[in-house]
Amino acid sequence: MPVEVTWWGHATCTVADSGVRVLTDPLFARRLAHLRRRRGALPPPDAWRTDVALVSHLHADHLHVPSLARLAPGTRLVVPRGAPRSVPGLRRLTHLQLTEVAPGDETRVGGLVVRAVPAQHDGRRLPVGPHRSPALGYVIEGEARTYFAGDTGLFEAMAKEVGPVDVALLPVGGWGPYLGDGHLDAGRAAEALARLAPRSAVPVHYGTYWPIGMDAVRPHEFHAPGDDFVRLAAQRAPQVAVHALRHGESVRPEVAR
């Protein structure tokens, strides 16, 4: 069966490969603190159905405990090593099979191997505090090799750490008018694409959440990153097929045979 990627908004995607459903950074909330969902309907209950959920780092828009609580009993939940210490709510999710990983660790789920890879991003739950977990990306290896970058900046060893991949799910924006360190904008994501050289790519992490009361502040940073990435990727990595999905839309990207 071909590999299928569905983008539900922000960094939440379903990757279906080898009969296994993988859900990335589940976020099913209409509002999160000062953020509200401005585009795309909330993911339907079918989006909650997964065999394994991957959490890239501890920030609340990526590790959202109420969303994780909706996952079915027995679902495997893969989180950065040390996450339960920093996020006590994880310890209450006793219906899930929790696995803590660090870069280089592999987790087998059915016919898939999920490999944790480094990311350049702040791994703390709060802006300050003693507890830190590694920010991660993941390579999902089955019929295809799919790279979910989580949140990351561009770093020198990215291509080496990730290795050859068929599909790249890359963040191209954020949830506010300014991106700090440890993020990719459309231009840096296009550079990452040139280095990784997958066959296909899907831009994520843009055009979904925005701070309440800031609709008129640099609105192009909300609306434009996906289109900007398509344009810049065509210049920097013309051999890559880029699929800019609408919320809830799926694609079966081309993979090596």
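**Close-up views of a predicted model**

**View 1. Tyr-209 and its surroundings.** The backbone oxygen of Ala-29 lies 2.5 Å from a polar atom of the Tyr-209 side chain. Tyr-209 itself belongs to strand β15, residues 209-211 (strands are DSSP runs of E, at least two residues, numbered from the N terminus), and with a relative accessible area of 2% this residue is buried (under 20% relative accessible area, 1.4 Å probe, protein chains only). Leaving out residues up to four places away in sequence, Tyr-209 touches several residues, including His-10, Leu-35, Trp-175 and Phe-222 (contact means heavy atoms within 4.5 Å). Although Tyr-209 and His-34 are 175 residues apart along the chain, their C-alpha atoms are separated by 9.6 Å.

**View 2. Asp-25 in a loop.** Asp-25 is found in the loop between β3 (20-24) and β4 (31-32), and it counts as buried because its relative accessibility is 0%. Its side chain makes a polar contact of 2.7 Å with the side chain of Ser-56 (a pair of N or O atoms within 3.5 Å, one able to donate a hydrogen and the other to accept it; residues adjacent in sequence count only if both atoms are side-chain atoms). Beyond its neighbours within four places in sequence, the residues in contact with Asp-25 include Ala-11, Leu-54, His-62 and Phe-148.

**Notes on the model.** Residues are numbered from 1 along each chain as its sequence is written, and side-chain values use heavy atoms, with hydrogens and water left out. As this is a predicted model, local features need pLDDT of at least 70 and side-chain atom pairs count only at pLDDT 80 or more, while totals for chains, interfaces and linings use all residues.

Key. Helix = DSSP H or I, 4+ residues; strand = E, 2+ residues; numbered from the N terminus. Buried < 20%, exposed > 50% of the residue type's maximum accessible area, 1.4 Å probe, protein only.
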